[in-house]
Amino acid sequence: MTNDPTPLQQMNPLERFSGLAEDYAKYRPSYPAEAIATLLSDLGEPTQLVAADIGAGTGIASRLLAERGVRVWAIEPNGDMQRAAEPHPGITFQSGNAEQTHLPDRSVDLVTCFQSFHWFDHAQCLPEFHRILKPTGRLAVVWNDRDRSDELTQGYSDLICHLSNRHPAEQRLVAQQPLKSSSAFHNLREHIFRYQQALDLTGLIGRAQSVSYLPKDKATQQQLFDGMKELYDRWADQKGFVYLTYRTQVFLTDPK
């Protein structure tokens, strides 16, 4: 772990994904259907629900919700990400951030944070989520954590950690604590699902290049390419794919 004590929310989270949107849209993993079903469970008929997807990026998770019939406000501060998003009739992109969504009080049934909660100012965003949620609503925080028990995924993770100088975003356990200690939410529960992402060599390299905290200098990028090529050559199957394995963690909590 790097010794940099700077909180993640002070590491330029609003602009750090600029220039990465194309790789992000193409190569970031999706989420298992069971995870989406779990965070929607017991909320009612999906076509009657409104969700706010916070830090929506290019809308990967927003589309999964919209395909279930949920009307989604995709809250995303980065213009590059919004422009790279594939349009969907059930999704409305809106400029805003976790600390100031610009949505009305008690206007949504579900607030989701897919792969984004660790970048937020938790002291400000949790009261904001509570404000926009209906009393019967739910907050869902979701991460695809790389499963290091899989040898390919371990090798990929080791390379990313090394080239990023063990950036603190590689460790998200600290970001779960605000959910446990929040005075605005209670009844925290966790669900874990297994998920695999099939990638060819271009996809494996693109997946790594979508990481916001990986240096973009030529030397680092060459090391990235060489390392990913080595992993691909070792682990590719007869179809030309390797498979990154994830533990999809779904944290659900309710407004007090």
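Two residues are said here to be in contact when they have heavy atoms within 4.5 Å of each other. Leaving aside neighbours within four places in sequence, Leu139 is in contact in this sense with Val111, Cys113, Leu126, Phe129, Leu133, Leu179, Phe185, Phe251, Leu252 and Thr253. The structure is a predicted model, in which local features need pLDDT of at least 70 and side-chain atom pairs count only at pLDDT 80 or more, while totals for chains, interfaces and linings use all residues. Residues are numbered from 1 along each chain as its sequence is written, and side-chain values use heavy atoms, with hydrogens and water left out.

The secondary structure of the chain comes to 9 helices and 7 strands, where helices (H or I, at least four residues) and strands (E, at least two) are DSSP runs numbered from the N terminus. Of the 256 residues in the chain, 54% are buried; buried means under 20% relative accessible area, exposed over 50%, and partly exposed in between, with a 1.4 Å probe and protein chains only. Among the contacts with a separation of 6 or more, 77% are accounted for by residues 24 or more positions apart.

In soluble globular proteins, nonpolar side chains tend to be buried together. A nonpolar core is taken here as a set of buried Ala, Val, Leu, Ile, Met, Phe, Trp, Tyr and Cys residues joined through side-chain atoms within 4.5 Å. The largest such core has 46 residues, and those with the most contacts inside it are Phe117, Phe129, Leu139 and Met228. Helix H6 gives the most to this core, with 5 residues. A second, separate core has 27 residues and includes Tyr24, Tyr31, Ala35 and Leu49.

Aromatic rings were examined next. Rings of Phe, Tyr and Trp (its six-membered ring) pair if their centres lie within 6.5 Å, and planes under 30 degrees apart count as stacked, over 60 as edge-to-face and the rest as tilted. A search of the whole structure finds 5 aromatic pairs. In one of them, the rings of Phe120 and Phe129 have centres 6.4 Å apart and planes at 80°, so the pair is edge-to-face, and both residues are buried. The rings of Trp143 and Phe251, with centres 6.1 Å apart and planes at 75°, also form a pair that is edge-to-face. This pair links distant parts of the chain, since Trp143 lies in strand S5 (residues 133-146) and Phe251 in strand S7, 108 residues apart. Trp143 is buried, with a relative accessible area of 0%, and Phe251 is likewise buried, with a value of 4%. Ring pairs link Phe117, Phe120, Phe129, Trp143 and Phe251 into a cluster.

Helix H9 (residues 218-235) has 18 residues and reaches 26 Å from its first C-alpha to its last, close to the 26 Å expected at 1.5 Å a residue, the expected span being 1.5 Å times one less than the number of residues. Its buried residues are Thr220, Gln221, Leu224, Gly227, Met228, Leu231 and Tyr232. Seen down the axis of H9, these residues fall within an arc of 135°, so they line one face of the helix; the arc is that of the directions from the helix axis to the C-beta atoms. On the other side of H9, Lys218, Glu230 and Arg234 are exposed. The buried residues of H9 pack against helix H6 (151-163), strand S6 (185-199), helix H8 (201-209) and strand S7 (242-255).

A polar contact is a pair of N or O atoms within 3.5 Å; within protein, one must be able to donate a hydrogen and the other to accept it, and residues adjacent in sequence count only if both atoms are side-chain atoms. At the start of H9, a side-chain oxygen of Asp217 reaches to within 3.3 Å of the backbone nitrogen of Ala219, and a polar contact of 2.8 Å joins the side chains of Asp217 and Thr220. Thr220 is buried, with a relative accessible area of 10%, and touches Leu163 and Pro215, not counting residues up to four places away in sequence. The C-alpha atoms of Thr220 and Leu163 are separated by 6.7 Å, although the two residues are 57 residues apart along the chain.

Ser210 has its place in the loop between H8 and H9 and, at 0% relative accessibility, counts as buried. A polar atom of the Ser210 side chain lies 2.7 Å from the backbone oxygen of Arg207. The side chains of Ser210 and Arg28 are joined by a polar contact of 2.8 Å. Arg28, in the loop between helix H1 (21-27) and helix H2 (33-40), is buried, with a relative accessible area of 15%.
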